[in-house]
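User: Hi! Could you walk me through this one? I'm new to reading structures.

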Amino acid sequence: MNPTVTKEEGMARYVALINWTDQGVKAFSETVGRVEQAEQLADSLGARLVDVYWTLGDHDIVAVLEAPDDETATAFALSSAGRGNIRTKTLRAFNRDEMQAILEKTT
């Protein structure tokens with residue numbers, strides 16, 4: 001299955017589960033500014049950082065990204081994590097219409 005989504009269909013959505021590295025924790029007070037940098041990075045790649053949530057529990061941050069394809073989402077994740085403040089796990093997310101289209105292919 002090719003996860004690339006055309007502009008007519010909208011962009012693919014990804015959920016990133018993020019944890020701070022030791023470096024990221026030491027600079028915790030810069031976390032909001034780092035999100036602003038991430039928004040600029042996403043924009044430069046043709047993607048969009050939809051929202052970011054600071055969370056309690058197994059992950060420090062959860063982010064939602066829209067990107068035209070897996071390669072762009074991966075470039076975003078690598079570039080973000082490469083700065084040394086976070087580690088990411090990125091999940092491709094399907095909305096209701098996308099899931100319905102998948103289900104229709106199973107019959």
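This is a predicted model: local features need pLDDT of at least 70, side-chain atom pairs count only at pLDDT 80 or more; totals for chains, interfaces and linings use all residues.

User: Where is the place of Thr-72, and what does Thr-72 touch?

Analyst: Thr-72 is in helix α3. Not counting residues up to four places away in sequence, Thr-72 touches Leu-45, Ala-47 and Ala-67. Contact here means heavy atoms within 4.5 Å.

User: Okay, zooming out. How many helices and strands does the protein chain have?

Analyst: The protein chain has 4 helices and 4 strands. From the N terminus on, the elements run β-α-α-β-β-α-β-α. Helices (H or I, at least four residues) and strands (E, at least two) are DSSP runs, numbered from the N terminus.

User: In what order do the strands form the sheet?

Analyst: The 4 strands form an open sheet in the order β2-β3-β1-β4, with antiparallel pairing. The edge strands are β2 (48-54) and β4 (86-93), each of which pairs on one side only. From one strand to the next, the twist averages 20 degrees. Two strands pair if DSSP finds at least two bridges between them.

User: What holds paired strands together, in general?

Analyst: Strands of a sheet pair through backbone hydrogen bonds, either parallel or antiparallel.

User: And how many bridges are there between β1 and β3?

Analyst: Strand β1 (residues 12-20) and strand β3 (residues 61-67) pair over 7 bridges, in the antiparallel sense. Val-15 has Val-64 of β3 as its bridge partner, and Ile-18 has Ile-61 of β3.

User: How many bridges join β2 to β3?

Analyst: There are 6 bridges joining β2 to β3, and these strands run antiparallel. Here Arg-48 is partnered with Glu-66 in β3, while Trp-54 stands opposite Ile-61 in β3. The hairpin of β2 and β3 has 6 residues between the strands, and Gly-57 takes a positive phi near 115 degrees there.

User: Is β3 largely enclosed or open?

Analyst: Strand β3 is largely enclosed by the rest of the structure, because 6 of its 7 residues are buried.

User: How many residues are in the largest nonpolar core?

Analyst: The largest nonpolar core has 18 residues, and those with the most contacts inside it are Leu-49, Leu-65 and Phe-76. Each of β1, α2, β2, β3 and α3 supplies at least two residues of this core. A nonpolar core is a set of buried Ala, Val, Leu, Ile, Met, Phe, Trp, Tyr and Cys residues joined through side-chain atoms within 4.5 Å.

User: What is Leu-49 in contact with?

Analyst: Leaving aside neighbours within four places in sequence, the contacts of Leu-49 include Val-35, Ala-38, Ala-63, Leu-65 and Phe-76.

User: New topic: which ring does the charged end of Arg-92 sit over?

Analyst: The charged end of Arg-92 sits over the ring of Tyr-14, 5.8 Å from its centre. A charge sits over a ring if NZ of Lys or CZ of Arg is within 6 Å of the ring centre and within 35 degrees of the ring normal.

User: Last one: how much of the protein chain is buried?

Analyst: Of its 107 residues, 33% count as buried.

Methods
Residues are numbered from 1 along each chain as its sequence is written. Side-chain values use heavy atoms; hydrogens and water are left out. Axes are lines fitted to C-alpha atoms, for helices over the stretch in contact, and angles run from 0 to 180 degrees between N-to-C directions. Buried means under 20% relative accessible area, exposed over 50%, partly exposed in between (1.4 Å probe, protein chains only).
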